[in-house]
Amino acid sequence: MEPTAPSQYILITQCLQNDFFLNLDCQLSLPDSAVSKLLLDSESGASLRTEGHRRVLSEAELGRSPLARFLDATVGSRMRGHGDGVLHLINIRDWHVPGEAYDLERRQYGAHCEAGTWGAAYVDGLTDVLAPDLRAPADGWGGQLRVHHVRSNTLFDFQHSSGGRPDLGEPAPLTALLDGLLGDGRQETTHVVVIGVLTDIKVQLLLTGIRSRYDVRQLVVSDALTASRTLERHLTALDFCQRVLHTEVMTGLAELARFLGSRPDDDRRLSRGGDAEFVGYSSYIQDKQGILSYEDARMRDYRIQTAERLRRAQHTVGFASKFLLGLGTCLLVGALLLSLVGVFLPDRIGWQSPAVLGVLGVGQIVTLFFARPVRSVQDALAEETRYRMILESRSLKVALARFHITTAAALRRHDDAEGQTDALARQLEILERMDTADFEQLKQLGVDPRTEPPGAGRPRGRSRSQAS
């Protein structure tokens with residue numbers, strides 16, 4: 001058997017640049033919560049400070065951050081001569097020069113990472129570990145660390161663009177680099193880790209490209225060292241990477257460093273990442289989808305009940321119309337027959353009886369074709385309008401409830417049962433107020449839902465069906 005190729009490790013950083021972390025004027029700048037997750041130590045109690053339109057972090061604060069500790073345990077460890085195998089550090093940066101491609105992206109995401117600006121540079125304070133090749137020793141750290149800088153002008157880093165339209169015929173720098181690192185059967189022994197921002201855009205597209213182009217067995221994305229504009233987007237992207245791309249989502253920083261061949265057990269400063277861990281939200285997508293699908297099912301029930309209610313009303317109106325038409329026709333026929341009999345037998349039948357029957361018959365037909373239809377249509381239209389307004393109002397309230405109740409923070413698992421119970425009680429209280437308002441509207445339609453005494457055990461869905 002041929003000898004197995006030695007293990008190699010690839011750490012890919014995505015967009016660790018000032019525009020995403022420190023530039024408050026940039027439209028793509030992350031919120032404080034996401035920046036704090038990567039650049040502040042959660043245990044120190046420090047908070048982000050701003051000077052003008054920039055966030056400012058001291059060297060001491062940045063040194064204690066999860067991102068800095070991880071880079072020191074991996075890149076810094078290789079620089080000190082520790083670690084197994086060769087670590088390839090690939091730094092991908094957004095780097096936009098004036099051109100058609102940048103104009104298209106700028107219109108959608110705003111100006112960002114323009115070539116040569118402060119915003120396009122690496123995050124202040126992390127340049128020494130992200131670009132250590134600028135002061136590399138002659139032996140290149142004994143061959144244990146190799147640094148690659150990739151500039152990307154498109155959302156999809158595997159697509160080449162030199163400022164104009166993307167040239168599909170020329171391989172992008174990242175494509176050429178990974179083709180060399182992952183070729184010759186190295187997919188089996190290569191460990192690839194992706195960190196950076198934005199999870200739902202750049203990171204997700206990067207992982208999609210890696211998974212579609214290379215047969216990488218060990219592909220990992222860090223939860224603690226990735227972030228997006230909102231927690232929902234971050235979690236949704238990680239869920240996609242885990243379920244669809246079959247990418248392992250790893251949270252612990254020490255575990256992630258060991259995966260890259262480092263030995264962080266000697267560094268006690270390397271602890272777990274931020275508080276918002278993907279493993280704690282592993283059922284978030286399923287929970288939210290369950291709530292939304294339940295409400296969608298209820299709305300479908302309302303539509304079905306409304307359609308059935310209108311069908312019965314139309315059937316009743318149709319039956320009444322046929323009855324009135326038949327009755328009026330019979331009265332007119334009777335009046336006509338009596339009139340004919342009265343012509344031949346004037347002594348037996350007077351003119352009064354045919355006249356009365358004729359008036360009654362004409363009255364029924366006039367009522368049917370003029371007064372009754374107009375009133376019935378008006379009543380049905382008014383009732384249908386109010387009923388639809390109630391359903392639309394409930395849809396709006398449900399949409400608001402979805403926004404506030406089914407957020408990631410609301411669905412997060414609580415360590416104590418009391419906290420989980422309080423969260424559930426608040427959610428149920430909101431829904432109770434919604435139901436009360438709906439029932440009040442239904443009462444005005446003449447539908448008075450029967451109230452059950454406490455402990456009757458009637459399912460809530462049954463009450464809604466009766467109310468509708």
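Biologist: What order do the strands of the open sheet have?
Modeller: The six strands run β5-β4-β1-β6-β7-β8, and the pairing is parallel. Keep in mind that this is a predicted model.
Biologist: Which ones are the edge strands?
Modeller: Those are β5 and β8 (248–250), each of which pairs on one side only.
Biologist: And by how many degrees are neighbouring strands turned against each other?
Modeller: On average by 20 degrees, ignoring direction.
Biologist: How do strands of a sheet pair, anyway?
Modeller: They pair through backbone hydrogen bonds, either parallel or antiparallel.
Biologist: OK, how many bridges join β4 to β5?
Modeller: Eight, and the two strands run parallel. If you want to look at one pair, isoleucine 90 has histidine 148 in β5 as its bridge partner.
Biologist: Switching to helices: which strands does α7 lie across?
Modeller: Helix α7 lies across β1, β4, β5 and β6, and it runs at about 165 degrees to β4.
Biologist: Which residues of α7 are buried?
Modeller: Leu174, Thr175, Leu177, Leu178 and Leu181 are, in a helix that covers residues 173–181. Looking down the axis of α7, the buried residues fall within an arc of 165 degrees, so they line one face of the helix.
Biologist: What do they pack against?
Modeller: Against β1 (8–14), β4 (86–94), β5 (145–152) and β6 (190–197), plus the helix α8 (199–213).
Biologist: Last one: where does α9 pack?
Modeller: Helix α9 (residues 231–243) packs on the sheet and touches β7 (218–227) and β8. Its direction makes about 175 degrees with that of β7.

Technical notes:
Residues are numbered from 1 along each chain as its sequence is written. This is a predicted model: local features need pLDDT of at least 70, side-chain atom pairs count only at pLDDT 80 or more; totals for chains, interfaces and linings use all residues. Side-chain values use heavy atoms; hydrogens and water are left out. Buried means under 20% relative accessible area, exposed over 50%, partly exposed in between (1.4 Å probe, protein chains only). Helices (H or I, at least four residues) and strands (E, at least two) are DSSP runs, numbered from the N terminus. The arc is that of the directions from the helix axis to the C-beta atoms. Contact means heavy atoms within 4.5 Å. Two strands pair if DSSP finds at least two bridges between them. Axes are lines fitted to C-alpha atoms, for helices over the stretch in contact, and angles run from 0 to 180 degrees between N-to-C directions.
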